[in-house]
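Here is a short briefing on one protein model. Look at the structure first, then work through the points by topic.

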Amino acid sequence: MTETTQQAAEQVKAQIGVTGLATMGRNLARNIARHGYVTAVHNRTDARTKALVEEFGHEGTFVPGYSAQEFVDSLESPRTVIVMVKAGGPTDAVIDELAPLLSEGDIIVDAGNAHFADTRRREAALREKGIHFAGVGVSGGEEGALLGPSIMPGGSEHSYAKLGPILADIAVSVDGTPCSTHVGPDGAGHFVKMVHNGIEYADMQLIAEAYDLLRHGLGRTPQQLAEVFTSWNSGDLESFLIEITAQVLAKDDPTQDGVALVDVILDEAEQKGTGRWTVQTALDLGTPVSGIAEAVFARALSGHAEQRRAAQGVLPGPAEEAPFIAEGDADAFVDDVRAALYASKVVAYAQGFDMIKAGSEEYGWGIDPGAMATIWRGGCIIRAKFLDRIKDAYAARPDLPSLLLDPYFAEAVANGQEAWRRVVQHSVAHGIPAPGFSSALAYYDGLRRPRSSAALVQGLRDLFGAHTYKRIDRDGSFHVEWAGDGAEHPWS
Ligand code: 6PG
C-alpha cells in the first residue's frame, strides 16, 4: 500500500466495496476507484488484495480488508458490497459470510453471471433480514470491467439510489448517455444479462454461418474473408462482433507460417451456460427464441466429436464440390450473405426482446425494452450500431408487437428477403449447415403467414386424445366423435 492510500484508508470510510478480486472483480474495483470513489477491497486469500493495492494503489483510494469483518467495518452506511465470485455455491458462501456482519438497509450486489432465479431466491431471503440484494449484469469482459462496461442493474429502488450514480460513472457512455440503467426489481438485471448472452450466442452463430458459406461458396482464404467482414463493419452490420470476426480471420497461426489461426482451432465450441439458461427459461415462458436455441444446439453438436467422426464418410452429402459460386457471381453472393446475416440478426434480436417482455410480464418487473437497447449500444459484447435503431423503434412505439414490425426493420428485412432465401437455398443445396439462417427465415415466414399448419396439429390432438380445438367461425371448444358417428360437439 502506498503511504497516501494508507493515510486515506485510515481517514475515510469506503463508499463501496468489492469482494472477489479475480480479474473481473479487480478490474471493476479499479474502475470504481479511478472514478474517485473510495473503494474497499477484499479477497478470500489476502495475496490478491495486497497485490491489487501494491500494483494499482496509485489509481485511486483503496481500503484493503484482510477479513470479512475488517472489510465490512471499513464501509460507510448503507454499506454496499459488490460480490464478484463464481456463480452458484461460491456466491452463496460469500453471502452467508457477509450477511451476519451487515445491518438493515445495507446492500449486497452480485455482479457476476448469476442465474436470475438464484438472484430472486437470494433477494427474497435477504429482504427478510432487511438487507437489499441487487443482481447486476455486467457485460464487456475483462477490458470492459476496467474501461467501461454495459451494466444491467436489478434490485430495489433503495439499492439503486446508492448504486445507480456509481454504476453510471463507471459504465461506458454513448452520445453522453451512460450504458447503465435500473432494469427492475429482484432478478430483472440478471434476466436481461442472460438474454443479452443468449443474443450473443445467436449473433456469433450467424456470423459463423456467414463465414462458412462464404468460405466454401467462394473458396476464399480466411484472410480474404477478413476483408469482407471489415467492409461489412462500416454498414448496417457495424458491431463489435463483426469487428473481432475480421480480427480473428486475419490472424495467422503464431506457431507456423502461412496457416490461418482459425484453421488450427479445434472446431468444438464450449459454453459456460448462459445461452443454455436463456433457452431453458424461454421454454418455460413459451417464447420462441429459435435463433438462440439453434446457436446453443449448434455448439452442442460441434462438441459431439465422436459422433461427428463416426458420421464422416458414412453419411453422404450433395455431389457438387466447393466452391459452388462462379467467380463472376462472387460479389452478388457476398451481398446476399450480408443481407441474410442482417435479416437473421433482426429476427434473433426480435426474439430476444420478445423474451425480455415476456419475462417482465411474468415477474412484474416493468422492464422498458427501449432502455435495454440504449444500454447495449456500448460496452457489451453485442454492442452494435443497429441498437440505435432498436432504441428508436421502441421510442416511436413502446408497445411494438415485434421488432420485425417496426417500419425501419420491416423494410430492411423485406429488402433482404430474396437474398436471404437464396442463401438458405445454397446452404441446403450444398450441404453447408446454416441452422441460424434457416430457422430465422422459418420464424419470419411463420410470423407473416395468415394460416399456420397448427390447425392440423390441433385436429390430430383432438383425434388421438380428445384434446379439443377451437374454430375460426364460432366461440368455444369442440370435439369430434372420431370413433363414433363423426359428429362435432361443443366441449366445456
Ligand atoms: C459478456 C459475456 C460474458 C460471457 C462470455 C462467455 O457479456 O461480457 O457475455 O459474460 O461469460 O461471453 O460466454 P460462454 O462461455 O457461455 O460463451
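Predicted model: local features only at pLDDT ≥ 70, side-chain atom pairs only at ≥ 80, totals over all residues.

Residues are numbered from 1 along each chain as its sequence is written, and side-chain values use heavy atoms, with hydrogens and water left out. Helices (H or I, at least four residues) and strands (E, at least two) are DSSP runs, numbered from the N terminus.

**The seven-stranded sheet**

- Seven strands form an open sheet with mixed pairing, in the order β3-β2-β1-β4-β5-β6-β7. Two strands pair if DSSP finds at least two bridges between them.
- The edge strands are β3 (62-64) and β7 (150-153), and each pairs on one side only.
- Neighbouring strands of this sheet are turned by 25° against each other on average, direction ignored. Axes here are lines fitted to C-alpha atoms, for helices over the stretch in contact, and angles run from 0 to 180 degrees between N-to-C directions.
- Strand β6 (residues 132-139) pairs with β7 in the antiparallel sense, over four bridges. The bridge partner of G137 is M152 in β7.
- Helix α8 (residues 157-170) packs on the sheet. It touches β1 (16-19), β4 (80-83), β5 (107-110), β6 and β7. Contact means heavy atoms within 4.5 Å. The direction of α8 makes about 20° with that of β6.

**The three-stranded sheet**

- Another open sheet has three strands in the order β10-β11-β12, with antiparallel pairing.
- β10 (469-470) and β12 (488-491) each have a single partner strand, so one side of each is left without a neighbour in the sheet.
- Strand β11 (residues 477-480) and β12 are joined by four bridges in the antiparallel sense. H479 stands opposite H489 in β12.

**Helix α9 and its partners**

- Two packed helices are described by the angle between their axes and the distance between the axes.
- Helix α9 (residues 188-218) and helix α12 (residues 274-285) have axes that come within 8 Å and cross at roughly 110°. That makes α9 roughly perpendicular to α12. Angles under 35 degrees count as roughly parallel, over 145 as roughly antiparallel, 65 to 115 as roughly perpendicular and the rest as oblique.
- On the α9 side, F191, M194, V195, N197, G198 and Y201 make this contact. On the α12 side, T274, G275, W277, T278, T281 and L285 make it.
- The contact of α9 with α12 has six nonpolar, six polar and no charged residues. Ala, Val, Leu, Ile, Met, Phe, Trp, Tyr, Cys and Pro count as nonpolar, Asp, Glu, Lys and Arg as charged, and the others, Gly among them, as polar.
- The axes of α9 and α19 also come within 8 Å, crossing at roughly 115°. These two helices are therefore roughly perpendicular to each other.
- Q205, L206, E209, A210 and L213 of α9 meet P435, G436 and F437 of α19. This contact has five nonpolar residues, two polar and one charged.

**Cavities and a pocket**

- On a 1 Å grid over the protein atoms alone, a cavity is a set of points where a 1.4 Å probe fits but cannot get out. A pocket is an open set with protein on both sides within 12 Å along at least five of seven lines. Lining residues have an atom within 4 Å of a point.
- Grid points are joined across faces, edges and corners, and a volume is the space filled by probe spheres set on the points.
- How many cavities of 30 Å³ or more does the structure hold? There are three.
- The largest cavity has a volume of about 50 Å³. Its lining includes A202, Q205, L206, S344 and G436.
- α9, α15 (330-363) and α19 (435-448) each give two or more residues to that lining. α15 gives the most, with four residues.
- The lining of the largest cavity has five nonpolar, five polar and no charged residues.
- The second largest pocket has a volume of about 370 Å³. Of its 22 lining residues, F240, R377, G378, G379 and R383 are the closest to its centre.
- α7 (141-147), β8 (173-174) and α11 (240-250) each give two or more residues to the pocket lining.
- The lining of the second largest pocket has six nonpolar, eight polar and eight charged residues.

**Backbone details**

- A cis peptide bond joins S77 and P78, with omega about -5°. P78 is found in the loop between α4 (68-73) and β4.
- D175 has a phi near 50°, a positive value in a residue other than glycine. D175 is found in the loop between β8 and β9 (177-178).
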